[in-house]
Amino acid sequence: GLDGVRVSEDKKKYIVELLNPVLEEMVAECIHRMPEDPVPFMLDWLEAKKVNDEDKLLSAQEKMVLEADSKSLEERISNAKKQMQEAAKHAAEDHSEDEEEEEEEDDEEDEPN
């Protein structure tokens with residue numbers, strides 16, 4: 001433990017009660033998964049733990065509201081993607097029509113009088 005280390009009792013208590021449990025859980029998961037690069041894995045793990053811990057603090061009603069908001073946002077994103085795809089399709093069609101018109105104009109100019 002921390003007996004041989006010169007650390008104040010407050011810091012020892014902080015390490016034992018708060019840091020060690022989180023670090024032990026994270027390191028155990030890291031050893032279990034053995035990611036090639038452990039740093040991004042640990043960052044993702046810590047973020048997921050934070051989200052999970054915060055979710056536990058929400059009431060059932062708050063969770064329902066957030067889930068409904070999330071679903072609504074996902075639908076809006078999906079609709080926006082569809083609109084963008086339609087707009088891109090129309091822009092591509094307009095662009096190809098413009099090129100065809102320019103080619104026709106060029107052909108007319110090239111014709112001898």
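Reader: Does E9 count as buried or exposed, and at what relative accessibility?

Author: Buried means under 20% relative accessible area, exposed over 50%, and partly exposed in between, with a 1.4 Å probe and protein chains only. E9 counts as exposed because its relative accessibility is 59%. K12 has 15%, so K12 counts as buried. This is a predicted model, where local features need pLDDT of at least 70 and side-chain atom pairs count only at pLDDT 80 or more, while totals for chains, interfaces and linings use all residues. Residues are numbered from 1 along each chain as its sequence is written, and side-chain values use heavy atoms, leaving out hydrogens and water.

Reader: How many salt bridges does the rule give?

Author: A salt bridge is a side-chain nitrogen of Lys or Arg within 4 Å of a carboxyl oxygen of Asp or Glu. The count comes to four. One of them joins E9 to K12, with the closest N and O atoms 3.7 Å apart.

Reader: Which residue forms a salt bridge with K49?

Author: K49 pairs with E25, the closest N and O atoms being 3.9 Å apart. This pair links distant parts of the chain, 24 residues apart: K49 is in helix 2 (residues 38-56) and E25 in helix 1. Helices are DSSP runs (H or I, at least four residues), numbered from the N terminus. E25 counts as partly exposed because its relative accessibility is 42%. A network of salt bridges links E25, K49 and D53.

Reader: What is the distance between the closest N and O atoms of R33 and E29?

Author: In that salt bridge they are 2.8 Å apart. R33 counts as exposed, at 55% relative accessibility, whereas E29 is partly exposed at 23%.

Conventions: Helices (H or I, at least four residues) and strands (E, at least two) are DSSP runs, numbered from the N terminus.
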